[in-house]
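Ready for a few exercises on helix packing and a pocket? Have the model open, try each task, and then follow the worked steps.

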Amino acid sequence: MRVIITKDYDEMSKVAANIIAAQMILKPNSVLGLATGSSPIGTYKELIKKNEAGDIDFSDITTVNLDEYKDLPITHDQSYYYFMNDYLFNHVNINKERTNLPNGNAEDIDAECARYEALIKELGGIDLQLLGLGHNGHVGFNEPSDCFAKSTYCVTLTERTIDANKRFFESADAVPRQAITMGSGSIMSAKKILLVVSGADKADALKKSLTGPITPNVPGSILQLHPDVTVVCDEAAYSKIAV
Ligand code: GLP
């Protein structure tokens with residue numbers, strides 16, 4: 001595991017974007033696993049700048065996103081479909097037919113989870129998976145639990161996650177209670193992983209994920225077992241490991 005410590009969120013975003021850009025240059029038809037949340041927004045802004053400057057090309061890139069809320073219309077501005085278009089896809093030369101997210105509005109959710117997992121395999125797996133980290137150590141929407149999920153599944157969100165995400169909705173009641181997420185197994189199958197973490201409020205979760213016991217109670221801790229993880233975090237997020 002490589003850990004790159006940056007001054008702040010902006011520097012973290014630049015470093016993360018450089019790593020993704022290097023992947024895209026080395027393999028122009030890469031399958032990129034993408035994430036939502038506030039952590040990767042700066043990274044996406046930097047990627048847009050690089051694409052505008054002609055330094056990176058999305059035309060042969062395929063994307064698969066980690067997760068999506070269940071039963072939230074894709075037109076809702078908090079759906080991850082909307083987020084990805086708004087923060088990245090609408091601003092780069094990507095073929096939108098090659099952008100993939102779980103369908104949280106599917107009638108048969110189990111079939112949708114199976115379809116999504118099969119899609120990742122059909123694509124030949126994920127070359128580089130970008131991840132953020134939740135305050136309780138969740139990755140994607142893999143919440144603390146008694147076991148690691150092998151593949152894409154429907155998860156019930158914890159109160160802590162609902163509370164953390166309510167800032168984006170009218171109220172906590174408006175936050176969906178369930179989501180479809182790649183399982184820890186799907187994430188661990190990615191060839192490379194890039195974790196971006198910023199802010200003192202993530203310091204505990206980062207410390208537990210990188211240095212604590214490997215346990216499904218801290219889903220991010222499974223990353224310790226992956227052979228090619230790069231963590232890009234700012235000093236504030238790293239502060240509890242440093243002392
Ligand atoms: C959300 C997402 C995760 C994200 C996490 C942290 O629940 N499902 O993919 O990593 O929360 O979000 P943020 O980056 O806004 O702190």
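**Exercise 1. Sort the residues of the lining of the largest pocket by class, then find where they come from.**

Step 1. The lining holds 15 nonpolar, 12 polar and 6 charged residues (Ala, Val, Leu, Ile, Met, Phe, Trp, Tyr, Cys and Pro count as nonpolar, Asp, Glu, Lys and Arg as charged, and the others, Gly among them, as polar). This is a predicted model, in which local features need pLDDT of at least 70 and side-chain atom pairs count only at pLDDT 80 or more, while totals for chains, interfaces and linings use all residues. Residues are numbered from 1 along each chain as its sequence is written, and side-chain values use heavy atoms, leaving out hydrogens and water.

Step 2. On a 1 Å grid over the protein atoms alone, a pocket is an open set of points where a 1.4 Å probe fits, with protein on both sides within 12 Å along at least five of seven lines; lining residues have an atom within 4 Å of a point.

Step 3. Among the 33 lining residues, Thr36, Gly37, Ser38, Asn165 and Arg167 are the closest to the pocket centre.

Step 4. At least two lining residues come from each of β4 (67-69), α3 (80-87) and α5 (159-165), and α3 gives the largest share, 5 residues. Helices (H or I, at least four residues) and strands (E, at least two) are DSSP runs numbered from the N terminus.

**Exercise 2. Describe how α1 packs on α2.**

Step 1. Helix α1 (residues 9-26) meets helix α2 (residues 41-52) at an angle of about 55°, and their axes lie 8 Å apart. Axes are lines fitted to C-alpha atoms over the stretch in contact, with angles from 0 to 180 degrees between N-to-C directions.

Step 2. The contact of α1 with α2 has 7 nonpolar, 4 polar and 3 charged residues.

**Exercise 3. Which residues join α2 to α3, and of what class are they?**

Step 1. The axes of α2 and α3 are 10 Å apart, at an angle of about 40°, and the two helices are therefore oblique to each other.

Step 2. Ile41, Tyr44 and Ile48 of α2 touch Phe83, Met84 and Tyr87 of α3. By class, this contact has 6 nonpolar residues, with no polar and no charged ones.

Key
Angles under 35 degrees count as roughly parallel, over 145 as roughly antiparallel, 65 to 115 as roughly perpendicular and the rest as oblique. Contact means heavy atoms within 4.5 Å.
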